[in-house]
Structures are given as structure tokens and as C-alpha cells.
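Hi,

Here is the structure I said I would pass along. Have a look at it first, and then read on for my notes.

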Amino acid sequence: MKAGFIGFLTPEMGDPYKVLETYARAGYSAMEIGDMLLQGDVKENKKRLEDMGLTTITTLCTGADDDPAALIKKAHALGVSYATNYILSVASYRFKDRPDAPDYDEFRRELEKMDKLAGELKKEGIQLLFHNHDADLTTCYHGVPALYLMSEYTENLDFELDTGWATYAGHDPLVVLRDLGERVRMIHVKDFVEGAVPKEGKCGAHTMPRFTTPGTGKLNLRGVLQAAKEMNLPYAIVEQDFQYHLTELETLTGAYLNIKETGFLD
């Protein structure tokens, strides 16, 4: 299993390739969502990344209405075999991006569209993944968490389990990993602690975890990585939605060392 990351890049940080080089030196070998490489000469951008020892592993899917031809074109240009979606209607309501929660019928229609999209991508060797938030496990239809129904009601869609959000939702990520089984293709390693979250900026008025460097909070890091290793998952992807006391590089360095200390990295 190798260490990857998602995010940790902001315009204020300057040349993103110089920033990425520092992350590669910190031990990372994979970057999720490589769409930035599509700006300019894609082949040259990919070579710059590869020369650092980094590879990109996914492209972004924004939702069920995405054009499959456009997603396929992006994935082929990047040379990736995964497209990942990070928010559907359940989480969209949780983060106040829509006024009402989806009812069961809307939820089912959305899943049908996602599964159809996943099927179109699969024909071209691209696997569509869904990344969960807490709401996908705390929102239930007929007593069953939405994430589990997504697994039951789709055939082509697979999952990227965010183990931190699962923990924050009150679920044991080891149980969720076991239940979803081979439908899980990757994991996000995210951590949080008890504490107040400022009601400003990126937090807005939402109830949010107080994120912390993976390995320093409530996440069962060792257990999650052991389970992922046993499932032959290729990457542990570090994510932290926003920083508090550490810089992005400090967070990624600490996370990498904590992950490496478990002994589950290659």
C-alpha cells in the first residue's frame, strides 16, 4: 500500500508543481484528482509529476449528470482508471447546498443515473467511485443508511470510503469496510478531535469535525490501514479539509510518518 493525498493545494501557495515536489519528498507517491494536469501540455505536465515520483490516480466526476464522453476523455488524457464523485444529494443537503433533503424516490432516481454513468465509464476501463461524508451514513431510508443502499441498488458503482467521516458519523470504519467488501477500491485517511470549530470562512454554519493530522485523533488509524492492506487496496489517501495549527506540508509530513509507523506502507 502506498501513501497518496488529495487537496493541500491553494492558489496562495504559488507554483503548484513546486508545492507537489515538496509533498513527493515527504514520501507521497500518488495524487488524487489530477485534473490540474489538463491545463497546458498534458504529457509534459504528467512527466513533471512522474519525475518527482508522483502519479495521478483519478479524475473528477461532479455528479450523476456528468457527460460520460467528457469524463472518458479526461481519464484517458490523464491515463487514470478511476473517476471519483465526492457529493450527491444527501451530502449536498447536509452542507446546505440545497434547501431540502432528497426523498427516497429522488434518491433512487439519482442512483439509477449514477449506475448508468458508471456502466458507460466501465466500458472504457474506467471505474466510477463514490466518496462518502457523514450524512451518507447518518441519513437512512427505510432504516438503512444511504451508503449501504447505494451499494445494494447499484451494480457498476464502487466506493472510496472516507474512514474519518465514517467515524464521525458514529460508524466503525472497519465494519463499513467489511460490509462494502470488494466494492471499496480506495480509502481516505482523515482524522478529527473534540473541540469547537470556528463559525467562519470554510466552516460556515455547518456542524463540522475539528480536523487534525491523521494519527492524532479519534480515527483507528492502525486498524483501518490493516484492514485496507488485507483487502489489497493500493492507496491510503490523506485528506484534511482545512488546517488549524500546521501548514499543509507539516500536516502531510506528520500524516505520512504516522502511517509509515504502522508498518503497512510498502
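Where is the place of His142? You'll find His142 in the loop between strand 7 (140-141) and strand 8 (144-145). Keep in mind while browsing that this is a predicted model.

I started there for the backbone: phi of His142 is near 55°, a positive value in a residue other than glycine. Most residues other than glycine have a negative phi. With a relative accessible area of 68%, His142 is exposed, because anything over 50% counts that way.

Lys96 is another one to click on. Its phi is near 65°, again positive in a residue other than glycine. Lys96 sits in the loop between helix 4 (89-94) and helix 5 (104-122), and its relative accessibility of 55% makes Lys96 exposed.

Now for something covered: strand 9 (residues 158-162). Five of its five residues are buried. Which residues point which way from strand 9? Asp158, Glu160 and Asp162 go one way, Phe159 and Leu161 go the other, and all are buried.

Cheers

Key
Residues are numbered from 1 along each chain as its sequence is written. This is a predicted model: local features need pLDDT of at least 70, side-chain atom pairs count only at pLDDT 80 or more; totals for chains, interfaces and linings use all residues. Side-chain values use heavy atoms; hydrogens and water are left out. Buried means under 20% relative accessible area, exposed over 50%, partly exposed in between (1.4 Å probe, protein chains only). Helices (H or I, at least four residues) and strands (E, at least two) are DSSP runs, numbered from the N terminus.
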